Structures are given as C-alpha cells and as structure tokens.
Amino acid sequence: MASDEQRSPRQVLTEQLRLRERLARLNELQRQFRGVGVSGELERLRRQIDRIEVAPTADEIWDVVELARHDKRPYTLDYVERIFDDFFELHGDRSNADDEALVTGIGRFDGRTVALVGHQKGRDIHERTRRNFGMAYPEGYRKAIRLFDLAERHRFPVLSLIDTPGAYPGVLAEQHGQGGWIARCQLAMVRLGTPSVACVIGEGGSGGAVAIGVADRVLMQENAIYSVISPEGCAAILWRDAGEKRKAAAALKPDARHCFELGVVDAIVPEPPGGAQNDPDTAATWLADSVRQAFADVADLDSEERRRQRRAKFRAMGVFAAPIPA
Amino acid sequence: MSSRIDVSVEHRGTPDEGAPGGDSPNTCPSCSSHYRDDELERTLRVCPHCGYHFPLRARERIGQLADAGTFVEEDADLRSADPLEFFDLRPYRDRLAEAEVSTQLGDAIVIGQAKIERRDCELAVMDFKFMGGSMGSAVGEKFARACDRAAEKSAPLVCVPASGGARMQEGILSLMQLPKTVCAVEVLRDAYCPFLVVMTHPTTAGVLASFASLGDVILAEPGALLSFTGPRVVQQTVREKLPDDFGLTESNYRFGHIDRIVSRNELRPVLGRLLALFADGV
C-alpha cells in the first residue's frame, strides 16, 4: 500500500508540468484559431500556475484567514444564483427539522441537473442567527445525506460548497448525535456512484467541513482556508493563549497553496484581485470553470471505478514514516 | 464575533489530566479510595468500591480482551512524520519522541491479530497516554491497515477507541484521517466483516466523527465522555449550565447513539457472544 509520502515535491512538480503542457497546448490552439473560446481557460491556467509557485508567508496566511472570513465574501447561495439555472431548494431532513446552516437543492449547471449541498452563513444579523453562522446541527448533515440519496437515484452529479467555522458545538447537537452524523455523511459521499466535486469557498472548519468534502475532486478557492481546528482554538490549546492565533495559523498552514502541496486539494480556484468579495461575478465565473473541468475529469468513469478511485484517493492521504521492508 | 467558536477536533477538555484528588494514579477520582497496583489489576482497574473505570493503557486493554498469548502485533514500527514541520512552544518531533519514550508505543494505536473467547479477530486499540490518543497520519494508516487485514482474513474487527480527536500538529492531514478511516470501514463492509466498537473514555471529536461511530455494534464503558465537542467548549458557546451527564456514556445511551453500556468485567464475554452471533449468521 501507499507507504511513500503523499504528494511529494516531485508530484507537485509533475502537476506543474502537466499544467504547463496544457497551457502550451492552449497557447498553440489560440495562435491557430484566433478568437476561439480558450482565453478564459488560458487565464485560469496561468493564474493557477502562479499560485502554485509562491509559498505564502506567515503574514500572508493570516491575510487569507481574514479574507476567508470576510463578511462580504460570496456565500454558497451567491454562487448558486450566478452559476446555476433554475435552482430549486430542497428543505428538511425528513425527520424533525430543516437546518438552514446547510442548503441543499437541485439546479441546472451547464444545462445538466446537478445536486448541490453547501454551508450557508448569513449576511445580516437576522439571517446569521437563522442560519446559525453556517454551523450545522446533525439535522443539516442528515439533510445532506438525503440529497446524496436523491442524487444517486437520479444520477445527478453532486457539487458541494464548503464554508463553515465548524459543526455546531451545542448541547442539543451532541444529544442528536453530531459526531455520528458527520461520520455517516462522509460514508454517504464515499458510496456515491455519481461524480462529485467539492470546493472550499471560505472557511473549511474541521469535521463540519470534511463531512461534505469527500468528493472525487476537491477544489479550494485561492483565499479559502481548510483546517483541522481554528487558529484561535489551536492557539488556546498549544500556546495557552488565543491571542497567538497568527502563530497558530502559520503553523497549521490552512491556506490553499499548502493544502495543494499536501495533496488534500486537487486544484486551486483563482479569485479576482484582492479576493472574491471584490468581484463576485468574476469569482463565480472562475469557480464554474474549475468545477466544469473537475466534473469533466471524472465524467467518463463508470460508477464502480469512480468509487474505487475516490476511496483510493482518500485512503492514500497522510504522511507517515515506515521502515523499508527487509 | 469576538470569540470565534472552535469546533475542533482536538485533545483538550478531556479529563484525566490532574483529576481531582488524584495525587496517585491508584486513587479513585470518584470516591477517593486508594488501592495497591495488584488490587487494581485483579479488578481490571475498576474501583471495587464505586465502580469507577480507571483509564487503561492499550497493552493492558489487549491483555484483558485477548485470549492469553494470542495477540500478534502488526505494524509496530510505523511512526508519525512531521509533514508541516509543526512548531508551537516546542517542535512536534520532540513531542513525538517524548511520547514514544514515556508510553513505549510507536503511536496512539496498537493493532494486531488476536483471539477473543477463541474466535479470530483483528484488534485496534487506542492509547490516550500517547498525545491524548490523537489521530494523525500514523493512527489513520494503522487503523486502515487493521481494516484491510480483517477484510483479507474475513475476520471481525474489534476496535477500542480512546482519543481526544485529530492531532492538530499534523494540520489538515489529520483532518483527512476522518475520510480515510471512513473509507477503511467501507472495505470492512464490502467484505462482510463485523465491526465491533467499544468506546472508552474519552472518544471525542475526529475519532467520534469518523470510524468510531460506524461500528455495526457500538458498546461503551460506563462514565466515558463520548462527545464531538468537549464540555468546556460547549459551555463557552451556550453559556449555560450543561446537563450533569453531558456527553457521557449514559446520556449517549439514552439518546440512542450506543447499543449497550458494558462494564469492564463483562466486556470480554459480551464481545465473545457478539462474535459468535455474527459468525453464525454466515
């Protein structure tokens, strides 16, 4: 089994080479057929290569943490209204509640019906309260499982948009089985036969985020974060002072570039200069481009093979040391 | 949003470090009775006076569950790496080295094959003393290998978690051990292998939110903390008094998250019965 280190520098290099080759091919195409619609793709690739090559400093990592949590940052429904046609929201876990911290529904993406699940923070204080700041209860993860079942029955591809500080840490959430439902939500994604793409579009906070992140392709926006614990939480434990959050963030490396290097995400989705909040329309266009590409990557597999590859991908995650067998 | 809420997969808020009245590890934190080592060993480290279950080390647990001389450890030489070059007040590498010396374990889980009540099974037992039983890449990999081995042999997997959650020193890679171990459980299910989980104190955060909650049967020792978020963080969030049995085994049983509360002296016969029932279903 995979005892070698995952996504070694060599593999990152391979990725860069692969992108460069595509870039060269597209450049060539563009020269031959002036005006053919590859310029968006070119732009995307150029940006992606730029992202891969610069390692963020501690200060830059903290800037990203703040951008990921920016209160003007586009949320799931902002992207849905820009990249879906005729989105129909589906409410309720068919058991006892409708958790508005997590939205589910079906809509047309590129003319084809896709099932969507995504965390939703609120914009103003009323909506934030109603949506519990994007922190789902077990009911939310149950609603997601319901969506995965529906997608499987009707062969809809699944798009998952991740943006949560974490699953809600409350008494009722515990009594309703928060841990267990996060586990079962992951299992439901592992079992999907239809194509799945996840993208971290803001905060990828811990178990509540990965619960809907077990997809064939996992993307991450340039200024999103994906982490096992918030920098504040980590600082409070390891530094015994939540004020050391910047140091904790630098140590946790929750930024897209590091997540890419560690093999946790497959591609970085570029954002407009200064962050997605400056130009949500462009951010949505670039997100749609990357999602389209990711779906295309896994479109031709049959469902058994897709499941097998998805399992192999997550089975290989992690870096450990093992002696070379004698 | 002055205080952001962390819903972390982490190892804190998990008692047992400096438990009240616990100058000595052999003093019962519940009723303050004091015992000699040999007394506690005879009672499987359960307080004969009040029934408090002292925490068990992984090897003690295996000694109590496996038929004598049947346990063969696997992958003992697998170790954590330091992919993030994590440094807080001290380097992660130092913490790992120290944990290895003080626990005599390679990491926070011990896996291997064994017999329980004369039935073959694969065992995966966690040790809270190794960095709070936290799950990093090495723990995830060893658990996944235990699943693979069980599937190869068509044997049941018996797993005894004791963990504060994911190991934050491995950053996002520790979070990825959640889907990784979930995938491993799927291997067991494909092979029709029974998966029995015995939750012990504490089974929390990332471990509760992944493989530990996916057992075909979930048993738990009495009085154990089994919660996604620890009581301290929940308290900070809701700012009201928590129920007395918040997150404990008894509360989890009441809400339907576990199948049975099993005290330590019953554990081996109960597992034997279950292994027999699952074997006779084939």
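At what angle do the axes of helix H8 (residues 178-191) of chain A and H6(B) cross? In this predicted model, the two axes cross at roughly 65° and come within 9 Å. Because angles of 65 to 115 degrees count as roughly perpendicular, H8(A) is roughly perpendicular to H6(B). The crossing of this pair is right-handed.

**The helix pair between the chains**

From H8(A), the residues A:Ala183, A:Gln186, A:Leu187 and A:Val190 take part in the contact. Their counterparts in H6(B) are B:Leu178, B:Pro179, B:Val182, B:Cys183 and B:Glu186. By class, the residues of this contact comprise 7 nonpolar, 1 polar and 1 charged.

Chain A contributes 51 residues to the contact and chain B contributes 59 residues. On the side of chain B that touches chain A, two or more residues come from each of strand E2 (79-80), helix H4 (137-153), helix H5 (171-175), helix H6 (177-190), helix H7 (205-208) and helix H8 (231-238) of chain B. H6(B) gives the most to that side, with 8 residues. The residues on this side of chain B are divided into 34 nonpolar, 15 polar and 10 charged.

Strands also join the two chains. Strand E9 (residues 320-321) of chain A pairs with E2(B) in the antiparallel sense, over 2 bridges. Within this pairing, A:Phe320 stands opposite B:Ser80 in E2(B).

**Helix packing within chain B**

H6(B) also packs against H4(B), at an angle of about 5° and with the axes 8 Å apart. Angles under 35 degrees count as roughly parallel, and H4(B) and H6(B) are therefore roughly parallel to each other. H4(B) supplies B:Ser137, B:Val139, B:Gly140, B:Phe143, B:Ala144, B:Cys147, B:Asp148, B:Ala150 and B:Ala151 to the contact. From H6(B) come B:Gln177, B:Lys180, B:Thr181, B:Ala184, B:Val185, B:Val187 and B:Leu188.

The table sets out the residue classes of the contacts described above.

| Contact of H8(A) with H6(B) | 7 residues | 1 residue | 1 residue |

**Overall form and sheet of chain B**

Chain B contains 10 helices and 8 strands. Its radius of gyration is 18 Å, close to the 19 Å that the globule rule gives for 282 residues, so chain B is as compact as a globular protein of that length. The C-alpha trace of chain B spans about 55 × 45 × 40 Å along its principal axes.

In chain B, 7 strands form an open sheet with mixed pairing, in the order E1-E3-E4-E5-E6-E7-E8. Strand E1 (72-74) and strand E8 (260-261) of chain B stand at the edges; each has a single partner strand, so one side of each is left without a neighbour in the sheet. E1(B) runs antiparallel to strand E3 (residues 109-116) of chain B, to which 3 bridges join it. The bridge partner of B:Val72 in E3(B) is B:Gln113.

**Backbone features in loops**

B:His201 and B:Pro202 are joined by a cis peptide bond, with omega about -15°. B:Pro202 is found in the loop between strand E6 (195-199) and H7 of chain B. In chain A, A:Asp110 is not a glycine, yet it has a positive phi of about 55°. A:Asp110 lies in the loop between strand E2 (102-109) and strand E3 (112-119) of chain A.

Note on methods. Residues are numbered from 1 along each chain as its sequence is written. Chains are lettered from A and ligands numbered from 1 in the order in which they are written. This is a predicted model: local features need pLDDT of at least 70, side-chain atom pairs count only at pLDDT 80 or more; totals for chains, interfaces and linings use all residues. Two residues are in contact if their C-beta atoms, placed from the backbone, lie within 7 Å. Helices (H or I, at least four residues) and strands (E, at least two) are DSSP runs, numbered from the N terminus. Ala, Val, Leu, Ile, Met, Phe, Trp, Tyr, Cys and Pro count as nonpolar, Asp, Glu, Lys and Arg as charged, and the others, Gly among them, as polar. Two strands pair if DSSP finds at least two bridges between them. Axes are lines fitted to C-alpha atoms, for helices over the stretch in contact, and angles run from 0 to 180 degrees between N-to-C directions. Angles under 35 degrees count as roughly parallel, over 145 as roughly antiparallel, 65 to 115 as roughly perpendicular and the rest as oblique. A crossing is left-handed if the near helix is turned anticlockwise from the far one by less than a right angle, and right-handed if clockwise. The radius of gyration is taken over C-alpha atoms; the globule rule is 2.2 Å times the number of residues to the power 0.38.
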